[in-house]
Amino acid sequence: RMAPNKPVFLVGNSLGANILTKYLGEEGLAGTLPTCVSGAASLGNPLIINSSLVKFPFSVLMALGIKKIYLENWKSVNAMKHSYHQHALRKSLLS
C-alpha cells in the first residue's frame with residue numbers, strides 16, 4: 001500500500017505504453033485522473049501491431065475497437081486522402 005498523498009510516476013512499455021497513453025488521455029480529458037499521478041513515460045509504443053502475433057479472441061476485439069474509433073471519427077478519417085490511410089480504413093472496416 002502506498003502512503004496517502006505520495007506522488008506516482010507511471011511508466012508503460014510496448015503495448016503497455018499504448019494502454020497507459022489511452023488511460024492518461026481519457027482520464028485527463030474527463031477530469032478523473034487521480035491527483036497523485038505526477039507524470040508518466042510512454043516507452044516503445046508499437047505503431048504497427050503485427051496481426052500475425054495477435055491471436056483470437058484479441059484480434060477480433062482489437063479490430064472492433066479500431067472500427068468503433070473510425071466510425072466515431074468518420075468525418076475526420078474520411079478527409080484523410082493518403083493511400084495508406086484509405087488502405088487502413090478499408091482493412092479495418094472489412095475485418
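Leu61 is exposed, with a relative accessible area of 53%. Exposed means over 50% relative accessible area, buried under 20%, and partly exposed in between (1.4 Å probe, protein chains only). Leu61 is found in helix α2, which covers residues 58-72. Helices (H or I, at least four residues) and strands (E, at least two) are DSSP runs, numbered from the N terminus.

This is a predicted model, in which local features need pLDDT of at least 70, side-chain atom pairs count only at pLDDT 80 or more, and totals for chains, interfaces and linings use all residues. Residues are numbered from 1 along each chain as its sequence is written, and side-chain values use heavy atoms, with hydrogens and water left out.

**A nonpolar patch**

Leu61 belongs to a nonpolar surface patch with Phe56, Val60 and Leu64. Together the four have about 440 Å² of accessible area. Such areas come from the Shrake-Rupley method with a 1.4 Å probe; for residues, only the protein chains shown count as cover. Patches take residues with over 30% relative accessible area and no salt bridge; like charges are joined within 9 Å, and nonpolar side chains (Val, Leu, Ile, Met, Phe, Trp, Tyr) within 5 Å.

**Two salt bridges**

The structure holds two salt bridges. The term means a side-chain nitrogen of Lys or Arg within 4 Å of a carboxyl oxygen of Asp or Glu.

| Pair | N to O distance | Helix |
|---|---|---|
| Lys22 and Glu26 | 2.2 Å | α1 (residues 15-30) |
| Glu72 and Lys68 | 3.3 Å | α2 (residues 58-72) |

Lys22 and Glu26 sit four residues apart, about one turn of the helix. Glu72 and Lys68 are also four residues apart, about one turn of theirs. How accessible are these side chains' residues? Lys22 counts as partly exposed, at 48% relative accessibility. Glu26 is partly exposed too, at 43%. Glu72 counts as exposed, at 53%. Lys68 counts as exposed, at 52%.

**Strands β1 and β2**

Strand β1 (residues 8-13) pairs with β2 in the parallel sense, over six bridges. Strands pair if DSSP finds at least two bridges between them. Val11 stands opposite Ala41 in β2.

Gly39 lies in strand β2, residues 37-43. Beyond its neighbours within four places in sequence, Gly39 is in contact with Val8, Phe9 and Leu10. Contact means heavy atoms within 4.5 Å. Gly39 and Leu10 are 29 residues apart in sequence but 6.4 Å apart in space, C-alpha to C-alpha.

β1, α1 and β2 make a right-handed β-α-β unit. Right-handed means that, with the strands pointing away from the viewer, the path from the first strand over the helix to the second runs clockwise.
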